[in-house]
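Student: I'm new to this one, could you walk me through it?
Tutor: Gladly, have a look first and then ask away.

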Amino acid sequence: MIQYLSERFTRALSNFLMKHPDQRYMIKAILEAQKSSEAGLYPIGAVVVDAGGNVLAVGQTVVTVLNDPTAHAEIIAIRNACSVSSDWYLPGCWLYSTLEPCPMCTSAAIWAKMEGIVFGVSHADVPLLKMSKKFARFSWRRIAITSREVVRRSPNTIALIEDFMNSLCKGLLLEENDMPADVST
Ligand SMILES: [Zn+2]
């Protein structure tokens, strides 16, 4: 009961103090994606922010480094945030990702009882990514279930903000001559 009230209080405080989406956190995720890209990895970054606005953890997609098919940027960020918090729940926390979380990562945010998810590039853009020469060496396989659908069927409430800072996030995934006109603005 006390834990339940504590979670409710943390969520209420988070909603009062923090306004999401917040560009600062998506920029942090974008910088993480850029670092990952420069290291030859997937150009995807994720960030977990706590109820007070502190960045608890960041993540890059390191499936090839760890030989771990679950090592998506969002999973890494959630695991590290749980480790920092010494808790398996992250009440009041928000997950920011440059790319729409897959069903596994969206589910992980739900299992962690996070407050919300914000992402930049949606599944709808995946055909565009597949045309990009820059990252042609990567597999862009997606399970065709959107974050929205996973959230809709979730046993608990979690906010979802889609296509936030979409042009900048899309710019991470394309070469300059691949970019649609609105990316340069
Ligand atoms: Zn994922």
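Student: Before that, what kind of model is it, and how are residues numbered?
Tutor: This is a predicted model, in which local features need pLDDT of at least 70 and side-chain atom pairs count only at pLDDT 80 or more, while totals for chains, interfaces and linings use all residues. Residues are numbered from 1 along each chain as its sequence is written.

Student: OK, what order do the strands of the sheet come in?
Tutor: The open sheet has five strands in the order E2-E1-E3-E4-E5, with mixed pairing. Here strands (E, at least two residues) and helices (H or I, at least four) are DSSP runs numbered from the N terminus, and two strands pair if DSSP finds at least two bridges between them.

Student: And why do E2 and E5 each have a side without a neighbour?
Tutor: E2 and strand E5 (159-161) stand at the edges with a single partner strand each, so one side of each has no neighbour in the sheet.

Student: In which sense do E3 and E4 pair?
Tutor: They pair in the parallel sense, over five bridges, and Trp-94 has Gly-116 in E4 as its bridge partner.

Student: What about the core, which residues touch the most other members?
Tutor: The largest nonpolar core has 42 residues, and Val-47, Val-48, Ala-77, Ile-78, Leu-95 and Tyr-96 touch the most other members. Such a core is a set of buried Ala, Val, Leu, Ile, Met, Phe, Trp, Tyr and Cys residues joined through C-beta atoms within 7 Å. H4 gives the most to this core, with six residues.

Student: Last one, is Val-121 buried or exposed?
Tutor: Val-121, which is found in strand E4, is buried, with 26 other C-beta atoms within 10 Å. Leaving aside neighbours within four places in sequence, Val-121 is in contact (C-beta atoms, placed from the backbone, within 7 Å) with residues including Thr-98, Leu-99, Asn-166 and Leu-173. Asn-166 lies 45 residues away along the chain, yet the two C-alpha atoms are separated by 5.4 Å.

Key. A residue is buried if 20 or more other C-beta atoms lie within 10 Å of its own, exposed if 12 or fewer, and partly exposed in between; C-beta atoms are placed from the backbone. Two residues are in contact if their C-beta atoms, placed from the backbone, lie within 7 Å.
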